[in-house]
Amino acid sequence: MTTGKASNAAARSSRRGRSQGGGQLATLAGAAAAALLAVAAAWLLGGRARGPPPEITPLAAPRMKDLQEFGEPYRSEMLWGSYRSGLYFGMRTRTEFPLLTGLIWFDPDDMANPLSLRHEAQQGDRLSRYGWLKHDGRRYGVQELVDGDYSIAVTMVKAPDAAGAGYGGDWAVRLAASRSPRAAAAAAAAAARGEPPPQRRLSLLWYVLDGRLSDAQFEALPEGRSKKLGKGIALASGDHSDVGGAWSLRLLPAPPAAPAASAARARYLGLELTEEGHVPMIRDVVRNALIVGYRSSKGHFVLPNEVATPSNLAAVQLTFELPADGAASFDLVFQTQPEGAAAGPRLAALSGDGLTALIAQRDAAFDARFDGTFPIAASNADADADAAALRAASAAALSNLVGSMGYFVGESLVQLPARRGAPAAVVPNWREALYTCTPSRSFFPRGFLWDEGFHQLLLQRWDPQLSRDAMGHWLDLLNAQGWIPREQILGSEARARVPAEFVVQHPSHANPPSLVLPLAAMADALERGDYGGGAESEAARAWLGRAWPRLEAWYAWFNRTQAGPIPGSYRWHGRNETTDLELNPKTLTSGLDDYPRASHPSDSERHVDLLCWMAAASKAMARIGAAAGAPAARARAFASAAAALGALPHLKALHHDAASGEFRDWGSHTEAVALEPTTETAEGGTERTVFRRSVREPPTPQLVPQFGYVSLFPLLMQLLPPASPELGRQIELLVSEDRLWTPHGLRSLARNSSIYKQRNTEHDPPYWRGQIWVNVNYLALRALSHYASAPGPHAAAAGDAYRRLRAGLVGNLAAQYRGSGYLWEQYDDGGGGGLSSHPFTGWTALLTLAAAEAY
Ligand SMILES: *[C@@H]1O[C@H](CO)[C@@H](O)[C@H](O)[C@H]1NC(C)=O
Ligand SMILES: *[C@@H]1O[C@H](CO)[C@@H](O)[C@H](O)[C@H]1NC(C)=O
Ligand SMILES: *[C@@H]1O[C@H](CO)[C@@H](O)[C@H](O)[C@H]1NC(C)=O
């Protein structure tokens with residue numbers, strides 16, 4: 001990385017423990033294949049037994065995906081969805097070579113920035129807001145996209161079991177384009193002056209691609225081209241076994257204001273893509289076609305009306321005048337069995353007035369279900385947020401978590417260690433599918449292991465089966481050693497958004513086992529009888545039973561590979577022991593990236609957060625084992641591990657600083673470090689400034705004197721006995737404004753810690769060094785609410801801290817959402833403003849649970 005922008009992007013990526021989308025294509029398949037050949041050759045030369053190494057071999061256990069509950073009719077219902085998380089809007093099938101559809105729009109009259117096509121969700125597009133206002137994860141979603149003068153409402157309705165429909169059923173999307181509030185105000189002002197409203201045109205494009213590419217059978221414009229949308233256009237029809245045979249995609253004008261839509265001018269493109277590597281470049285393909293059209297149409301950015309035979313990509317472009325008020329609306333209808341008996345009535349039900357009625361029904365059903373599931377308590381007298389704003393933000397949070405779920409198929413790249421007879425190498429993992437929540441559609445539109453544990457805390461309360469399905473996909477990623485790669489970059493579209501150097505996953509690197517939180521909650525819910533006595537209970541029990549051997553393997557992997565230097569201690573691996581470029585070498589594996597640890601990474605360090613995760617995981621395993629019907633001896637082994645690891649004397653012996661009452665990491669540490677510019681002469685004699693760490697006093701073994709989220713883990717994981725003075729002390733530390741407390745939530749690192757808000761390198765601004773993060777604040781609320789109801793001397797203090805923390809946190813999240821249009825990755829510990837990537841509706845969506853006081 002040499003340019004400023006690129007190196008900045010790289011720096012941002014590396015400090016996230018999440019790689020950041022760079023937008024450029026990383027064509028790694030070739031390199032990966034070459035590496036695999038090299039490894040295969042080395043294995044042969046080494047005369048080793050055949051078969052892939054254990055790092056890239058799936059765990060030998062029945063697959064979660066094959067559970068009966070994920071067969072029919074579930075599979076058919078879930079076939080279609082808004083599973084293209086990284087786009088503003090697209091639908092795809094949950095299949096390996098999917099049918100893909102997507103939306104593109106642009107301003108045809110913007111000659112200053114021509115062809116700024118909107119397709120992939122990108123922060124650089126600077127939309128004033130976008131996101132799902134409602135989404136149920138299965139059949140209904142409404143999204144609003146506000147882009148400058150445009151406002152585009154996208155409503156998705158699926159009818160998976162319409163009578164006469166084929167596999168996966170039919171679906172419709174209503175696109176309603178209107179002037180944004182800003183443009184509407186300008187039009188109204190013009191009208192008040194007696195002038196005509198300024199004209200505003202919009203170009204909308206919709207495409208469909210058969211992901212089998214050259215193997216596809218597909219006819220673009222089967223009924224010919226028409227210049228105006230008029231009564232409707234058949235965009236494509238084809239045959240695909242994933243949808244049970246014949247299908248068609250049709251575009252129709254929709255009420256209200258059908259005249260505006262009917263008059264929209266239509267242009268076309270049909271062509272054949274031949275390589276999977278082209279799929280992430282659809283936007284470029286369309287852009288090139290618009291440039292060709294510009295030349296032939298003498299100055300209009302229009303598709304060239306060229307339709308190749310055969311085609312596997314078909315696109316239609318509608319260019320139209322936005323009405324001065326109201327919307328120009330279009331219905332896209334995907335039909336299976338379009339020639340079948342009930343095709344006509346099914347089309348009528350999913351377009352025009354039929355669709356309007358269906359949308360109204362689904363919309364009301366969503367609201368009723370949301371209010372029933374998450375009664376938003378504005379119960380705190382001191383809550384800043386009025387209940388309506390809090391409800392709106394919470395409904396959007398849930399909807400975006402659900403509406404950003406993706407389906408990905410592909411291979412991770414895995415770093416194999418050197419072995420006798422085989423050098424170290426990067427090789428592709430086995431090909432796997434992942435159905436998962438994603439942290440951010442613009443920045444992180446793919447799966448992240450430790451984020452997912454938080455996502456599922458919310459999703460499991462909305463739709464337990466969807467949650468089991470997603471968690472099951474994650475557990476199917478376990479390899480023969482019990483490892484799950486922490487970042488899932490599967491398929492060419494996901495790969496295209498990650499710079500090459502962040503793609504490779506390391507089989508010795510962990511990531512917090514946060515999935516144990518929703519798993520334990522699921523086991524508890526089952527034991528309490530929350531799922532009722534019927535099919536849902538049976539499904540949950542069967543799921544836990546099948547998950548059990550996988551969870552045992554996962555736990556054993558942690559317990560073996562992340563063990564610390566002394567019994568009962570744990571250490572995050574993957575810190576760089578040799579670098580002098582970082583103020584405090586990152587611990588990406590912990591999920592907390594640049595949160596300060598021992599200044600000099602070594603095998604002798606031990607990490608309090610990981611010990612607490614292991615204690616929590618042990619306790620969860622005991623509960624899961626009981627609910628899953630595991631042998632009692634196994635469940636007992638985990639219960640005794642939980643008791644041993646979580647015992648206060650153990651925690652204190654390993655991590656407690658008696659003088660301050662703080663829990664701390666242990667390691668080789670000095671506070672006397674600084675990043676300093678040094679002038680270095682490169683080859684060729686050019687001078688440059690490099691920031692290197694200077695160490696003024698040598699490190700000594702000690703408890704690391706930094707106070708922040710890591711210090712809170714014994715409290716967060718609810719390991720402290722309710723009557724212990726240590727609990728009282730942690731609550732005192734938590735509410736101290738000198739340290740973590742702010743009016744908007746808990747900051748990640750104490751204001752008077754030496755590394756507070758320090759840059760880690762020249763290019764890495766602080767990340768977990770003061771900013772407020774919602775996932776840890778949620779854990780704090782959960783723990784405080786637990787201790788508030790546990791009888792003991794600290795219940796009142798816990799309750800008071802709980803109420804004030806909740807009011808500040810949810811109040812700020814709702815206010816920032818209303819003001820900025822987004823939920824954010826983190827929040828400023830000064831003013832509470834949103835920071836870093838947005839929309840970030842992964843764990844920030846825990847807002848909904850905090851608003852509903854569901855822990
Ligand atoms: C540690 O950082 C240095 C740069 O300071 C780099 O050259 C080296 O490859 C890194 N080591 C590991 C194991 O990443
Ligand atoms: C974790 O590892 C330790 C050390 O090997 C072992 O004693 C303990 O039994 C393991 N815990 C579980 C629950 O298997
Ligand atoms: C931070 O402030 C608290 C008082 O609020 C003090 O007890 C503690 O020692 C300070 N920590 C550091 C690192 O200065």
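So, D738 puts a polar side-chain atom 2.9 Å from an oxygen atom of ligand 3, and I'm calling that a polar contact, meaning a pair of N or O atoms within 3.5 Å; within protein, one must be able to donate a hydrogen and the other to accept it, and residues adjacent in sequence count only if both atoms are side-chain atoms. R739 does something along those lines, with a side-chain N or O atom 3.4 Å from an oxygen atom of ligand 3. The residues around this ligand are D738, R739 and N752, where "around" means that one of a residue's heavy atoms lies within 4 Å of the molecule. As for cover, ligand 3 on its own has 360 Å² of accessible area, and the protein covers 45% of it; areas are Shrake-Rupley with a 1.4 Å probe, and for residues only the protein chains shown count as cover.

Quick housekeeping before I go on. This is a predicted model, where local features need pLDDT of at least 70 and side-chain atom pairs count only at pLDDT 80 or more, while totals for chains, interfaces and linings use all residues. Residues are numbered from 1 along each chain as its sequence is written, chains are lettered from A and ligands numbered from 1 in the order in which they are written, and side-chain values use heavy atoms, with hydrogens and water left out.

Okay, ligand 1. Which residues are around it? They're N576, T578, T579 and L581. The side chain of N576 has an N or O atom 2.3 Å from an oxygen atom of the ligand, and T579 has a polar side-chain atom 2.8 Å from an oxygen atom of ligand 1. The protein buries 33% of the 360 Å² that ligand 1 exposes when taken alone. By class, that shell is one nonpolar, three polar and no charged residues; for the classes, Ala, Val, Leu, Ile, Met, Phe, Trp, Tyr, Cys and Pro are nonpolar, Asp, Glu, Lys and Arg are charged, and the others, Gly among them, are polar.

On to ligand 2, with Y555, N559, F638 and A641 around it. N559 brings a polar side-chain atom to 2.2 Å from an oxygen atom of the ligand. Here the protein covers 38% of the 360 Å² that ligand 2 has on its own. Which elements give two or more residues to this shell? That's α14 (535–561) and α16 (632–646), with helices (H or I, at least four residues) and strands (E, at least two) taken as DSSP runs numbered from the N terminus. This shell divides into three nonpolar, one polar and no charged.

Now, α14 also packs against α15, at an angle of about 150° with the axes 9 Å apart. Axes here are lines fitted to C-alpha atoms, for helices over the stretch in contact, and angles run from 0 to 180 degrees between N-to-C directions. That makes α14 roughly antiparallel to α15, given that angles under 35 degrees are roughly parallel, over 145 roughly antiparallel, 65 to 115 roughly perpendicular and the rest oblique. The loop between α14 and α15 (608–628) holds D593, a non-glycine with a positive phi of about 40°.

Another helix pair: α10 (residues 449–462) and α11 (residues 464–475) pack at about 160°, axes 7 Å apart. So α10 is roughly antiparallel to α11 as well.

Most residues other than glycine have a negative phi, and most peptide bonds are trans. E72 and P73, though, are joined by a cis peptide bond, omega about 5°, and P73 sits in the loop between α2 (29–45) and α3 (74–77). H838 and P839 are joined by a cis bond too, with omega about -5°; P839 is in the loop between β32 (834–835) and α22 (847–851).
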